[in-house]
Amino acid sequence: MIIAFAIAPLVLVTLLIGVRGVAAMRTTSDFLVASRQVSPLVNSAAVSGEYLSAASFLGVAGLVVKDGVGALWYPVGFTAGYIAMLVLVAAPMRRSGALTVPDFAEGRLASPALRRLAAVVVLVIGGLYLVPQFRTAGLVLSEVSSTPYWVGVVIAGAAVSITLALGGMRAATYVQAFQFFLKLCLFIVPAVWLMLQVGPAVRDQAVHPVEFTTFPRDTPVVFRVPVVLDVREPVTVRDNRGHPSLLPAGPQPVAAGQSLVFPAGSAVPRVRGESPPGGPGWQRPLLDLRQAGHPLLGTWAVLMATMLGTMGLPHVLVRFNTSPDGRSARRTAALTVGLLGIFYLFPGIYGVLGRVLVPQLYLAGATDTAVVALPAQVNQGWAGTLFTGLLTSGAFAAFLATSLGLLLVVSGAISHDLLPGGLARLRATVVVAAVAVVLLALPAAGIDVSTLVTWAFAVAASTFSPLLVLGIWWRRLTPAGALAGMSVGLLASAGAIAVTLFAPPLHGAAAILVAQPAPWSVPLAFATMLLVSLRGRPPAWSWAAMLRLHLDEPPGATRDRSDLRHSTRVRRRSSAVRRAARRLVG
Amino acid sequence: MSITEPTTRTPSGGVWAEVQSSAEFAGLRRRLRTFAFPMTAAFLLWYLLYVLLADYAHGFMATRLAGNITVGLVFGLLQFASTFVITGCYVWYANRRLDPVAERIRAEIEEGRR
């Protein structure tokens, strides 16, 4: 039902715009050039529209329900990352003319090997970012319409890959901009409605949290992931057919997919390895990653990953090239900070309301669905259904916009940088990549969306961030240094993530440093890049490459028409600066 | 396809405008760096300070200023505001102090070319 009226229109509109996008590209030769005249405000809305993924729309509020207000550090990092990008990367990156990091890598250092390594990193970041989007689509659909988890994942994969294979979205900056304002409305209006609908008692509880210890009413819990419950008092629960059964005190394993109704007034069992919402520490504005007891380190690790990782996100960097010049790229980044700031005022509201109204989601391992679960708790009538629909639609918009951008850069990296081929190859790659992501997302139901997305940031911070910062600001960077630094950063960050996923759990500070490797992997990558570069000699043309990054083109200079259909196609620029730079070389 | 020029040209060197522009260009980059890097460090430290205070100075952060408003809340809001201030500062500095120098260098390069 909800699928029909919340998601179908959204997917249809996206498909239609995709088809129209193709038509526009074929008939209007100036279309792509015109798209470079996009104003900073529209462009920053497009950047924000592409950037606000399921992690922002749902994940942050879910983590607030589960871990406490400290989870608000995620949006702080997501936003502050744009300051680092603005100050260090935005304008020079635009002047370089490179559309993607692999382009930049080859453009600045003229090393095909570096380009291929950068393309591999794009795949890793894209995978870590795409899997949680698809996973959350599955989770949200099963929450609002009781379909199995895999149905939503497959719908998501199909919608994204069909849209892309039809060819749309590429040049459609205005679609992304529209998506941002759509998401903003679909997020703010229900938040205001919820705040007005809940009584003063709920509002009071929201600011004075108490630990979730007893069920206030008969509470159905659909377990999304297998958990071990520590049952403190024996309790008689009913399954979904109404059969009562006794849960004796002690550890009780519960399988994924099981559905239990806990009676009103019974004690809430604990989930092994998690602390219950609203407990001591929930209110503290710090992130206790993995309950390891080092909140300072945990918070700092997340901040470091998100702040430095933002500048290396491949799908965001592409957007900056629709600005006419470096100066407006800078303004775009600055406005993006403001737009994201507005959006991120609201996840906290959903989070604290969710802690009061739907704390049982923490038992189910489905706190990421807190946002869409809220309206039904407040209003059982048509209004509740309407707002559930609006929020579901917004969540799908969030995940569609991000997935489209990401899948495109991933396919671009495969079919342009790794295995060069034509447009047909690109389209086939899109479908193959989507299938791969769907397969990866199926077993990933139990991992929080924000955790996975933050891993993508950690990999970006340990690989692309040193490459971009040193490449733009340090003339002596050598291809060998960049290769070594990026390899070390990739191995360190991806290795740590693999250990977290597959090795037995660690404890204490080690657990944090492995689960969130940015505090050591980023300095390590920077140091490697610096040391290896210092041992070699920078190429003779490094001055020319630097000039191009830091001197703006005069407005109205002749520019070649370019072809943006391939995300990795680099525009040729024959400006005075370029000719002069050439003379400096020769 | 790459944005890098072929690197096989023989170096001729010694053209005055080029040397000049390189020196001035180094100045521009120094100006950029003396602003961009301290700024980035300052804003990272400012966030770190908040995390430190939240962890080690519970009492201070929980000091009530008026009603439900605590020092921690005020600091949190200040972080929000300071994010925008930092952003604005940088854009202002770049437009006022960096772009003119870049334009001058470009003009000189173009003169040298003629």
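Helices (H or I, at least four residues) and strands (E, at least two) are DSSP runs, numbered from the N terminus. Chain A has 24 helices and seven strands. This is a predicted model, in which local features need pLDDT of at least 70 and side-chain atom pairs count only at pLDDT 80 or more, while totals for chains, interfaces and linings use all residues. Residues are numbered from 1 along each chain as its sequence is written, and chains are lettered from A and ligands numbered from 1 in the order in which they are written.

Of the 586 residues in chain A, 59% are buried (20 or more other C-beta atoms, placed from the backbone, lie within 10 Å of the residue's own). Among the contacts in chain A with a separation of 6 or more, 81% join residues 24 or more positions apart; a contact requires C-beta atoms, placed from the backbone, within 7 Å.

Four strands of chain A form an open sheet in the order S1-S6-S3-S4, with antiparallel pairing (strands pair if DSSP finds at least two bridges between them). Strands S1 (219–222) and S4 (244–247) of chain A each have a single partner strand, so one side of each lacks a neighbour in the sheet. Inside this order, S3 (residues 235–239) and S6 (residues 259–262) of chain A pair over two bridges, and A:Asp239 stands opposite A:Leu260 in S6(A).

Turn now to two helices. H19 (residues 449–473) and H22 (residues 518–535) of chain A pack at an angle of about 30°, with their axes 9 Å apart (axes are lines fitted to C-alpha atoms over the stretch in contact, and angles run from 0 to 180 degrees between N-to-C directions). H19(A) is therefore roughly parallel to H22(A), a term for angles under 35 degrees. Residues that meet here include A:Ala458 and A:Leu470 in H19(A) and A:Phe526 in H22(A).

Terms used: A residue is buried if 20 or more other C-beta atoms lie within 10 Å of its own, exposed if 12 or fewer, and partly exposed in between; C-beta atoms are placed from the backbone. Two residues are in contact if their C-beta atoms, placed from the backbone, lie within 7 Å. Angles under 35 degrees count as roughly parallel, over 145 as roughly antiparallel, 65 to 115 as roughly perpendicular and the rest as oblique.
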